[in-house]
Amino acid sequence: MALLTVDRVSKSFAGNRVLHEVSFDVRAGEVLALVGENGAGKSTVLSLITGMQAPDAGELRLDGEPLRAWSPLRARAAGISSVHQELSLNPHQTVAENVFLGQWPARRGLVLGRDLARRARPLLERVGLDVDPRTRAGRLSLGQQQLVELAKALVCAPRLLILDEATSALDDDQVQAVFRVVRELRAAGSSVVTVSHRMAELFAISDRLTVLKDGAVMATRDRAGTDHDDIVRLMIGRELSDLFPAKAAPTKAATAPALRARGLTVPGGCAGVDLELTPGRILGLGGLQGQGQRAVLRALFGLARHGGEIELAGRPAKLSSPREAIRARIAYVPEDRKVEGLHVAQSVRANLALTNLDTVAPARRLTTVDRNAEAGLVADLIDRMRIKAASPSQEARRLSGGNQQKVALARWLPSEPRVLLLAEPTRGIDVGTKREIYHLLRRLADDGVAVLVTSGDTMELVGLCDEVAVMYEGAVVERLAGGDLTEERLVRASVNPAVTHA
Amino acid sequence: MMTALPRTAGLRALRDHRAAWAFGVLLVTWAAAILFANGFDSVSSVRYLTQTASFLGIIAIGQTLVVMMSGIDLSVSSVVALSAVVCAQVSAGHGGAAGILVGLAVSLLVGLVNAVGVLWLRVPPMVMTLATGTIVAGSLLVYTNGSPKSAKIGLLDSLANDRVAGIPLAFVLWLAITAVAVWLLHASRVGRYVFALGTSQEASRASGVPLGVTTFIAYGACALLAGVAGLVLLGFTATSSLTMGNPYQLLSIASVVLGGTSILGGRGHVLGTVAGALLLTLLTALLTAWNLSEGVRQMTLGLLIIALLLAYARERRT
């Protein structure tokens, strides 16, 4: 019995067809996964279901009734909740206030704070979140905030829960908590639609998978009747054998490290971290979410105040600002590309030129920007990185996540960095672009760049890195390389450092 | 679809060039003034308008630099008075040249103090500049004992009142300043930094944008230009007063915004500000020509600014 039916729905934006006669249904008490590359139309389908957009043609039916004048408000009232990758929490309000946003218990116009916290607790427990409901939401880690979003979606006891990349910021434990909630909902007869780039998760939790490609449904498969390769083939229309490039050959002669950190400490972030970044090698920082990986990267780029010693090519160095780090030819691609990685409201051209003004606007021209040189540089980078943009003057925010990431990375290439720091380089990016980025990073390493990558994706660290340092509560607890670098060892070291040490 | 695409592209281009809108509105208003009001069709009225618009325009150019990097300077009115009053005072004892130099120096100093507060003390620009403006106004009162001097300085007199080839020298000065500002903001490295900072401070930091230098240049230039405007005004009226800068505070910001620059920064063009200053000066003149009382005139001007803002310079929803 179908809870929700999507019937031959089409949608265009400014003459650009995003969905073409898409049909599928969500049965009561099932978990349906929507899979597809970036731009396949998943988000648009979801926005139709949640009432953010209306279809141009076709219709959606809930319990067999066509949806008319659908809106986010009505969708909520009908029991449709959603959790998105982008957070909607107010960081200055408490967790409990966020969970019950818009429906605070009140007496005579005064919010009952204690009552609010009391009612929030069971919901937080349900999503496996062990925090005081009176904490301000902004103090929680990204993953914890995502779980608060989930708790918020559960307030109205949804019949249909939509998870749109809702696990992208979560570590394995937190993902399990989400799965538990999903299974509870399914057992209670509710339905879940989930979108994720983590294929393994989709296989672990879904009953059926609907594959979208270029705005059309390729197939809907029962989980039992399909496998990873089958789905990927449907998604990209070809085999994907070489997701990861070959690793660096182990060299006998030790290369001098490009950057050496000893006892790197960031208050509240990491403590006593020793790292050596060697030209030609990709070092990974693994571990659960929020164990200080981010602090290490920010310290090395001069964005976080830090203690400890840093040597660049054997010489002691002080990195107290990004400008100093850049001068030392260190480049940084942050995890939050929309806030720090890019000027999303500026053009692709302006973004690519900003980090290369020394060459594009040289002092001998009185720092006047040479438009020809700029256009050449931008065209070259767009071409080299295969950035898909309508034109160099397109705003960066209009690009897909994968292309934004390519811009965030491309803008450092002309200055030929010696050290490249990347945080979550492929989060929320389709598999085709992931592959391109992995291969690019390996090529850069082969050309003599020392690369440091943090990632919450175990498969990525194992597939990409030559060595992985596992962090736990701000310290490196394990280093894995060569034959020891397996997903199993990595996960074990991440969740239970004490045991692996014993 | 074939016809729809170019049209939407054209509309977007128009929306993205709100500075061009400002010139359009200016031309329409000017045409309306010539048609429906007396005395706007003569060469001398054009001369007078461009001359008086120059005082506002010079200040507004500086304000554009600051607004473009998401700042704001609420001390310009005080700086206008500061440079004029100090110049008049100093020139009485040490001659005109000394007066001009000291006037400009103290103006620049205020700008640098603003930058220090915004940059190192991390005081929000609105609060910092409002505070320095108040301090400057107060210290002028103390400095002059409440009675600022008059001064007739040859250079300033001719700068404000003379003409070359029929064009007011003040207007020429304004255009020259504009040309430099166009280069600085739209062609130089500093301009790229200003736009980047106006778009996102975090992303700029992580891109290695020199926050310090850019902030000092923007606030320094803004205060210096307000000082220049104060000197030209001193030349124009041959007298200084403690309140001579007051009308220019709101009007300078309004010129920037009506010129199509986003008050949130990162978007706009210096030339739009030129149109904005001319437009506001024209509106003021129109309201005066209609013999409205001072109070009614101010009310109408305020309402007109809001109406024009709604018409074409509203902030975009993202």
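Which residues are exposed on the other side of α8(B)? I find B:Ala176, B:Ala179 and B:Val180 there. My cut-offs: a residue is buried with 20 or more other C-beta atoms within 10 Å of its own, exposed with 12 or fewer, and partly exposed in between, C-beta atoms being placed from the backbone.

Housekeeping before I go on. This is a predicted model, so local features need pLDDT of at least 70 and side-chain atom pairs count only at pLDDT 80 or more, while totals for chains, interfaces and linings use all residues. Residues are numbered from 1 along each chain as its sequence is written, and chains are lettered from A and ligands numbered from 1 in the order in which they are written.

**Helix α8, chain B.** I looked up residues 169–186: the helix has 18 residues and spans 25 Å from its first C-alpha to its last, close to the 26 Å expected (1.5 Å times one less than the number of residues). Helices are DSSP runs of H or I with at least four residues, strands are runs of E with at least two, and both are numbered from the N terminus. Its buried residues are B:Ala170, B:Phe171, B:Trp174, B:Ile177, B:Thr178, B:Ala181, B:Leu184 and B:Leu185. Down the axis of α8(B) they fall within an arc of 135 degrees, so they line one face of the helix; the arc is taken over directions from the helix axis to the C-beta atoms. I then checked what they pack against, and the partners in chain B include α3 (43–68), α11 (211–237) and α13 (270–289). Contact here means C-beta atoms, placed from the backbone, within 7 Å.

**Chain A overall.** I count 19 helices and 22 strands in chain A. The radius of gyration of chain A is 24 Å, close to the 23 Å from the globule rule for 502 residues, so the chain is as compact as a globular protein of that length. That radius is over C-alpha atoms, and the rule is 2.2 Å times the number of residues to the power 0.38. Buried residues make up 48% of the chain A total.

**Strands in chain A.** β13 (259–266) and β14 (270–277) pair antiparallel over five bridges; pairing needs at least two DSSP bridges. A:Val266 sits opposite A:Cys270. Three residues separate these strands in the hairpin, where A:Gly268 has a positive phi near 75 degrees. β13(A) also pairs antiparallel with β16 (307–312) over five bridges, with A:Arg260 opposite A:Glu311.

Definitions and conventions: Two residues are in contact if their C-beta atoms, placed from the backbone, lie within 7 Å.
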